[in-house]
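Hi everyone, thanks for coming along. I'd like to walk you through one model today, starting at the ligand and then moving out into the protein.

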Amino acid sequence: MSPGEGANADRIPLIAANWKMHLTASEAEDWAGRFIPLLRDRAEALDRRVEVAIAPAHPLLDRLGRALRGSRVHLAAQNLHPEPEGAFTGEVSLAMLEDLACDFVLIGHSERRQLFGEDDAFIAAKARRLEASRVRAILCIGETLDEREADRTLAVVDRQLAAVLDATGAGFAGGLVVAYEPVWAIGTGRTATPEIAQTVHASIRRTLVDRLGDRGHGVRILYGGSVKPSNVEELLSQPDVDGALVGGASLDPHSFAEIALACLEMP
Ligand code: PGA
């Protein structure tokens, strides 16, 4: 099968919010109170056609998790430490996320790589920690503007992906979600064109299929970087774009609901 062929229909899109260091627990509760009713009318259709997840900052997880209960919206975390426990001030363990019923966790976000010096080996160690867990990884990969201009995009995303696949067994792929986020498009208002996104997603798909066989067709590849209601449909119309990771536009419940509901308009 060529990249994308016959597979998009089998991959339920995932629309995930990354709130970064925004909102307080009270604001998160209020957000959920406004968001859930926006989906309610379409709940049955959404159930079969799209999955939704929210990744708030860690101190918000408990309150937001309670506010989302019964809504089928997944709870996601923004980070975890590779060690199971220990003297790591300020860090969060997998057991803590499991206890809060998180379904997903972001690893490898470019802000973690760039601002906090996380390298491929550290991110691979986080992936290894997740191998035996029901918490699924959303692995973020993407090139900087310099890397794109030097024509190194595909090599960079391949290296970032390989670091995690090399460190984990085939079982890990079952729960894996990949998010392609070109660094130059994050929080800048500059979105990759649908064609750019599809070219990179198709290359990621090829690597996944080379490495994992048919299971590679089942891995969802999200696009992230200035996704908003006005551009989500054209991005999702690409055969290997299986959802979105949304920062800025997820802070407003209306625009995030519009993004999730756009999945229902897709053929
Ligand atoms: P953005 O962020 O939508 O604000 O560009 C996306 C992300 O960093 O995940």
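Let me first say what I call a polar contact: a pair of N or O atoms within 3.5 Å, where within protein one must be able to donate a hydrogen and the other to accept it, and residues adjacent in sequence count only if both atoms are side-chain atoms. Please keep in mind that this is a predicted model, so local features need pLDDT of at least 70 and side-chain atom pairs count only at pLDDT 80 or more, while totals for chains, interfaces and linings use all residues. Residues are numbered from 1 along each chain as its sequence is written, and side-chain values use heavy atoms, with hydrogens and water left out.

Now, the ligand. Histidine 109 has a polar side-chain atom 2.8 Å from a ligand oxygen. The side chain of lysine 20 also brings an N or O atom to 2.7 Å from an oxygen of the ligand. Glycine 247 takes part through its backbone, with an N or O atom 2.8 Å from a ligand oxygen. Of the 280 Å² that the ligand exposes when taken alone, the protein buries 95% (Shrake-Rupley areas, 1.4 Å probe).

Let's move to strand E2, residues 51-55, where isoleucine 54 sits. (Strands are DSSP runs of E, at least two residues, and helices runs of H or I, at least four, numbered from the N terminus.) Is isoleucine 54 buried or exposed? It counts as buried because its relative accessibility is 0%; the cut-offs are under 20% for buried, over 50% for exposed, and partly exposed in between, with a 1.4 Å probe and protein chains only. Leaving aside residues up to four places away in sequence, isoleucine 54 has contacts (heavy atoms within 4.5 Å) that include Trp19, Trp31, Leu64 and Phe256.

My last stop is arginine 220, in strand E7, residues 220-224. Arginine 220 is buried too, because its relative accessible area is 9%. Which side chain does it pair with in a polar contact? That is glutamate 51, at 2.6 Å. Beyond four places in sequence, arginine 220 also touches Arg11, Phe104, Arg136 and Asp242, among others.
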